[in-house]
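Hi,

Here is the structure I said I'd pass on. Have a look at it first, and my notes follow below.

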Protein chains: 2
Amino acid sequence: MSPAAPDDALPEGQTLGEGKYLRLISENGWEYVVRPHSTGVVVIVAVTAERRLILVEQRRVAVHSQVVELPAGLVGDTAAARGEPLATAARRELLEETGYEAERMVELAAGPIAVGIGSEIVTFFHAQGLRRTGPGGGDETEQIVVHEVALSELAGWLAAKRQSGALVDPKLFAGLYLIGEAG
Amino acid sequence: MSPAAPDDALPEGQTLGEGKYLRLISENGWEYVVRPHSTGVVVIVAVTAERRLILVEQRRVAVHSQVVELPAGLVGDTAAARGEPLATAARRELLEETGYEAERMVELAAGPIAVGIGSEIVTFFHAQGLRRTGPGGGDETEQIVVHEVALSELAGWLAAKRQSGALVDPKLFAGLYLIGEAG
């Protein structure tokens, strides 16, 4: 293992359980999970020239529901992606999930989104200069539906989705704020 | 245990590890944590009459850093709070952490904030009609610093905080979007 491998950055603490992807840690009376084989999470805010927000929808086992989200993914979680820059992961995930390529991938902000349960740091990117070049839909393990929703109709569209039983990831609202949109 | 106790709502799956607060589950090849002794998380967006956003700052073990966040807390996680409505938890947490009481606690939106690692559903509230009546600072297990930051100066204030080594929870931006603020 190289000195810069993700495992070296793991915090001290007692391991309470370990899966293939997540490790549950207890430290000084606090509990949280880490993802040893990834170096981060990227979330992509992508609005087309026609002012349509690109969203993905997929079934999420953790909540046993369909969830509407911004395109997103793990950084450096495969052998091929080890050590990749955050912006590279953002480009890869946007293309895999939605079929869009971006001329520019601008970093907006980074921070811990669920610090009560995990160490995960999420970095938001603004995908600019969009061009659809692929089918999207995710990799072979994913079943992702892509939506393009006019920002002017977003509130009503999300309300209808919720009515049909889907959940909406609030990171969507954070992303819109970060690109200067008002709620 | 009563039929409505939180444990009854737990999903199927194999337990890989269990702490005092969190349980690590594997289900159909996916891993995530649940918090069996709580029924939710509330996050409170509170802006004073002077257009100052109320923020809290505390050390978070999961990321080994100071984190700047909206006031927030668990729902129904103590014997005294078992079965409490979400809005009641929001009022309690706002008062405990910041010393503010709100005339109205308006629900904004709810959703899974970190569905790749946990089942947690976060509900955002807008605290309206604020009045400071207590010291804040959290309960006996917490060491919370309260900040009141003019919305017009927020971006610069957050940049300075980051410069000093603190992390910023992006839920803050989601909350601002949900009350109609533009980034």
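This is a predicted model: local features need pLDDT of at least 70, side-chain atom pairs count only at pLDDT 80 or more; totals for chains, interfaces and linings use all residues.

Next, the place where the chains touch. Chain A puts 49 residues into the contact, and chain B puts in 49 residues too. On the chain A side, the elements that give two or more residues are the strands S1 (14–18), S2 (23–27), S3 (30–34), S8 (100–112), S9 (121–132) and S11 (167–168), plus helix H3 (171–178). The biggest giver on that side is H3(A), with 6 residues. Sorted by class, the side of chain A that touches chain B has 30 nonpolar, 10 polar and 9 charged residues. Also, 100% of the interface residues of chain A are interface residues in chain B as well, so the copies meet through the same surface.

Now for the domains. The assignment for chain A gives domain 1 (1–37) and domain 2 (40–178). Their C-alpha centres are 25 Å apart. As for how they touch, 6 residues of domain 1 of chain A are in contact with 6 residues of domain 2 of chain A. The domain 1 side of that contact has 4 nonpolar, 1 polar and 1 charged residues.

I went through the strands in chain B. One open sheet there has 4 strands in the order S10-S5-S6-S11, with mixed pairing. Which strands stand at its edges? They are S10 (145–150) and S11 (167–168) of chain B, and each has a single partner strand, so one side of each is left without a neighbour in the sheet. The partner of S10(B) is S5 (residues 52–60) of chain B: the two run antiparallel and are joined by 6 bridges.

S4 (residues 40–46) of chain B runs parallel to S9(B), with 6 bridges joining them, and Val41(B) has Val122(B) as its bridge partner in S9(B). S8 (residues 100–112) of chain B runs antiparallel to S9(B), and 11 bridges join that pair. Arg104(B) stands opposite Gln128(B) there.

Cheers

Methods:
Residues are numbered from 1 along each chain as its sequence is written. Chains are lettered from A and ligands numbered from 1 in the order in which they are written. Domain bounds come from an automatic or database domain assignment. Two residues are in contact if their C-beta atoms, placed from the backbone, lie within 7 Å. Ala, Val, Leu, Ile, Met, Phe, Trp, Tyr, Cys and Pro count as nonpolar, Asp, Glu, Lys and Arg as charged, and the others, Gly among them, as polar. Two strands pair if DSSP finds at least two bridges between them.
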